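Subject: Structure handover, salt bridges

Hi,

Here is the structure we discussed. Please have it open while you read the notes below.

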Amino acid sequence: MKYQAPKGVSEYFPPRSYAFEKVKESLLAPIRRAGYKLVELPVFEETELFTRGVGASTDVVTKEMYTFEDRGGRSITLRPEGTVGALRCIIEHGLDRGALPVKVFYSGQYFRAERPQAGRYRQFYQVGLEAIGSEDPALDAEVIAIADAGYRAIGLTKYRLEITSLGDRQSRAAHKVDLMKYIDGLTLDESTRARADINPLRLFDDKREEIRAMMTDAPILLDYLSEESASHFASVQKYLQDMKINFSINERLVRGLDYYTGTTFEFVHEMLGAQSAIGGGGRYDGLMQEIGGQPLTGIGFGLGIDRALLAAEAEGVVNAEDFGVDLFIIPLGDAAKTQTMILSQELRNSGHRIEIVFGDRPLKSAMKLADKNGARYVLIIGDSEIESGMVEIKEMSTGRATSISLTSLVATLAQESWTL
Ligand code: HAM
């Protein structure tokens, strides 16, 4: 029997997993630096949370949820996204009863039963954040700037930021009247019309050419923004300009989830083909209330780690080879092995990345292994080294060797001049 991972899941193993970690840490660092606090959340929730929260017109809810009955007969769904679970936690534990905004972040696996293709998986990874309880447009700009800083930290440059505003309730109501009138005049199949009835904006997001063509003259939400929404959106843009964050306005931007209102954005990478959205997010005015919380507004984003990694590889900015160990110790003989165990323990305790060779390999094969594992330095310990009390550390890239006494090894390597 030969087992395989389930169809369409992404998984990471060495050496690529090093690059995955680097990308994830790069996305997380700016979030932490802005004072967002970690929430660790369950990967499954009551199904109803997602149907209510994510929205009945979305592909995510109608076609892509992994839903099953648990042993107690409850309907459970593997989380297709992170926002509603984070809000459920905030509401359940009253985190929104203290100082606002509540600022949380998370990362982990998400599940959507999509048709797998490059950059689109059934289990994928996101880093995300949510800020609840402030309408300040500066918060919108901060959230966008944090995502941008994450992509910069990875080293990405070939991406663009698209933003729009989906307006407040008043703006959307006015737009909806005209949009529905427009859509009523179109010849649509039954399921498309049903989707449009729940959320007419979704037709802007339709991938089919014929629907796209039909929608070219459709009324645009940005033309219907209330004074308040328009001035909020103008402030967000002004902050972004002041912070020198490039963006363009995409008046047809529609996100795949139903809860968005007001500022909405997406980061799109140029080198990823069809699955080019590396991250996105926006405001969601009614969502807290929809799932049983206070009437507080919120904003957040989800950044796809898998796609950010693909983008980093396409741009050639992450390199799995960068992630080898500092020092590889090769013991030759029993006494040397004991010495190696003690040394590696001490050096690791002082923060160095140390690997040792197991299984009494011959020197030549041990050196090959060190090279393969990306060792920067190699230390060989045999009987003669133990006898003389002197060892040589060899730098792999230059072949240069330095003699150090065994007794002072730990102290020497702790010095600044050693970049171990
Ligand atoms: P989303 O746009 O559905 O938003 O997902 C965010 C990102 O996750 C996407 O831009 C993409 O990079 C990645 N992603 C989504 N689906 C897949 C997939 N099947 N395979 C690989 N990557 C994928 C959300 O999930 C919202 N919760 C974001 C948010 C937070 N909005 C407000 N707060």
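Is Glu-25 buried, partly exposed or exposed? Glu-25 counts as partly exposed, at 41% relative accessibility. Keep in mind that this is a predicted model.

Glu-25 pairs with Arg-32 in a salt bridge. Their closest N and O atoms are 3.7 Å apart. Arg-32 is partly exposed too, with a relative accessible area of 43%. The structure holds 27 salt bridges. Here are some others.

Helix H2 covers residues 47-54. Glu-48 and Arg-52 both sit in it, four residues apart. That spacing puts about one helical turn between them. They form a salt bridge, with 4.0 Å between the closest N and O atoms. Glu-48 is partly exposed, at 46% relative accessible area. Arg-52 is also partly exposed, at 42%.

Asp-326 forms a salt bridge with Arg-376, the closest N and O atoms being 3.6 Å apart. The two residues are 50 apart in the chain. Asp-326 lies in the loop between helix H11 (305-315) and strand S12 (327-331). Arg-376 lies in the loop between helix H13 (363-372) and strand S14 (377-381). Asp-326 counts as buried because its relative accessibility is 5%, under the 20% cut-off. Arg-376 is partly exposed, at 35%.

Lastly, a network. Salt bridges with shared partners join Asp-59, Lys-63, Asp-189, Arg-195, Asp-206 and Arg-208.

Best wishes

Methods
Residues are numbered from 1 along each chain as its sequence is written. This is a predicted model: local features need pLDDT of at least 70, side-chain atom pairs count only at pLDDT 80 or more; totals for chains, interfaces and linings use all residues. Side-chain values use heavy atoms; hydrogens and water are left out. A salt bridge is a side-chain nitrogen of Lys or Arg within 4 Å of a carboxyl oxygen of Asp or Glu. Buried means under 20% relative accessible area, exposed over 50%, partly exposed in between (1.4 Å probe, protein chains only).
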